[in-house]
Amino acid sequence: MAKEEVVIRFDEVTYKYNDKKLILEDASFSVRENSKITIMGQNGAGKSTIFKLMTGKLNPESGKVHIKNGAKIGIANQMIHKKEEELTVLEYFESAFPGEKIYGIQKNMNKVLETVNLSVPYDKKVKELSGGQKARLLLAFALIQNPDILLLDEPTNNLDKEGIEHLTTFLIMYPKTCIVISHDANFLNSFTDGVLNLDIFTHKVEQFVGDYYDVVKQIEAHIERERLLNSRIEKSIKDRFEMVNKLGGKSVAMRRLANRVRSDIDDDREKMVEVRREDKTIPNFKIPYQHYKDPIIKINSIEVLKQGKIITKKVDKVVRRGRKLLIKGPNGIGKSTLLKSFLARKGVEIDDDVRIGYYSQDFSELNYNDTALNALQEVMQSTKIQDLYEAAGRFMLPGELLMNKVESLSEGQKGLLCYARFMLQEPGLLIMDEPTNHINFRHIPVIAKALNEYEGALILISHHPEFVEQIRIDDEIDLAKI
């Protein structure tokens, strides 16, 4: 069987953000036709930057990005742009072909929407779709362009179990090249046959063959080998230093021997390797809570979307301090809309003085034109600026990064910014809509622990079963059973 041709090749590509912050340095790798490749790396390592370099939205400072002649690239971004939210579904698909009049586009729309298991009216505005429906729409938008190379950036965000299973089957059967960024390890392992690992410390890209878990083991084994090699060299150096001290300067011969030993020690020091640093995991943290009288929130009525109609139902739910309520239901039933109604104090009783911390699917609670520093300052209860920098540092948001606008942060960094805000805000009520979206899988157990130990009231939506299992849920509302 003939080897597949290379369809993408990076040749010593270097890229800096704002001509200052180094993202990639001399990155070289290749992707063959019809392969399924995963890009992995810490938040802010440059995963989405790789996609922008592939599509030509960014240009390297040096080096070359080679795309096979005639190869068409389709990309499903992490989120739909705010300007596109105002389009109808039909207008959104038409925007995939700027300046072109595509005849029969509705026939093609039917085909791709059926492929992604989505049924929505074409005259419906994109902003009216649920998070899960938008995730499917993003994939359909890429597919309607009939790409030779499909780029998927966090495609499982907001998808329920059925949606993830459908996407997994689609990717296993997909006959062309596909490159995926995701923090969902189980999802990645089901179809990946190669990995590009971005090292945030060295700014290099390493290429591995094998499934996701194989590669993780390879990296861990390589780190251990480097540590053992350095350990042996360090012991040898220590032993020879002791020898030099014993030789002293008793004779010319001994001084010559001591000099040779010192020279050997210098040679061995050069043999020591810089041990690869693993992705950092955020340390354990605690979200302080606002001491407030019970109940924190009383839910009197909720709205759900069934068969295209909004149905209002009376309920009697109370969430007290230290209690945790899970909202369940399939994509499109109105879970996120329900949480937004709680924020607007619709159908609920919440005192005006209760501080509400909110994690949304699309970070709508953040002002993208503001700096990350201001995003933290606007919620902090403390008057000590040191508290702000300590909270930011805990979530791997260094001082220099805080001066950047929120829009310039990676999606993962925006998520971590939200958790830093909660620490400073000290909310009485946390409303969390898919709080693992965009978050590195290494951080998820730490976040689950913090939410489990949170002593205020918590209302949670999550399609991440392993995450939910780590949190003590006291009550639930299943919208499918309403």
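Is His 203 buried or exposed? At 18% relative accessibility, His 203 counts as buried, where buried means under 20% relative accessible area, exposed over 50% and partly exposed in between (1.4 Å probe, protein chains only). This is a predicted model, in which local features need pLDDT of at least 70, side-chain atom pairs count only at pLDDT 80 or more, and totals for chains, interfaces and linings use all residues. Residues are numbered from 1 along each chain as its sequence is written, and side-chain values use heavy atoms, with hydrogens and water left out.

- Most residues other than glycine have a negative phi, and most peptide bonds are trans.
- His 203 has a positive phi, near 65 degrees. His 203 sits in the loop between strand 8 (194-198) and strand 9 (205-209). Helices (H or I, at least four residues) and strands (E, at least two) are DSSP runs, numbered from the N terminus.
- Asp 26 also has a positive phi, near 50 degrees. Asp 26 belongs to strand 2 (residues 21-32). Asp 26 is partly exposed, at 40% relative accessible area.
- The peptide bond between Asp 294 and Pro 295 is cis, with omega about -10 degrees. Pro 295 falls in the loop between helix 8 (252-271) and strand 10.

- Three strands make an open sheet, ordered 11-10-13, with antiparallel pairing. Two strands pair if DSSP finds at least two bridges between them.
- Strand 11 (309-319) and strand 13 (348-349) are the edges, each pairing on one side only.
- Strand 10 (residues 297-306) is joined to strand 11 by nine bridges. Lys 298 has Val 318 as its bridge partner in strand 11.

**Parallel sheet and its helices**

- Five strands form an open sheet with parallel pairing, in the order 14-15-16-12-17.
- Strand 14 (356-359) and strand 17 (475-478) each have a single partner strand, so one side of each lacks a neighbour in the sheet.
- Neighbouring strands are turned by 15 degrees against each other on average, direction ignored. Axes are lines fitted to C-alpha atoms, for helices over the stretch in contact, and angles run from 0 to 180 degrees between N-to-C directions.
- Three bridges link strand 12 (residues 324-328) to strand 16. Leu 326 is partnered by Leu 460 of strand 16.
- Helix 9 (residues 335-343) packs on this sheet and touches strands 12, 14, 15 and 16. The direction of helix 9 makes about 155 degrees with that of strand 15.
- Helix 13 packs on the sheet too, touching strand 14 and strand 15. Its direction makes about 175 degrees with that of strand 14.

**Nonpolar cores**

- The largest nonpolar core has 47 residues. Such a core is a set of buried Ala, Val, Leu, Ile, Met, Phe, Trp, Tyr and Cys residues joined through side-chain atoms within 4.5 Å.
- Among the members that touch the most others are Phe 285, Tyr 419 and Met 432.
- Helix 13 gives the most to this core, with eight residues.
- A second, separate core of 46 residues includes Leu 113, Leu 152, Phe 191 and Val 195.
- Beyond four places in sequence, Met 432 contacts residues including Leu 339, Tyr 359, Leu 451 and Leu 460. Contact means heavy atoms within 4.5 Å.

- The axes of helix 3 (residues 105-115) and helix 4 (residues 131-143) come within 9 Å and cross at roughly 130 degrees.
- Val 112, Leu 113 and Thr 115 of helix 3 meet Leu 137, Ala 140 and Leu 143 of helix 4.
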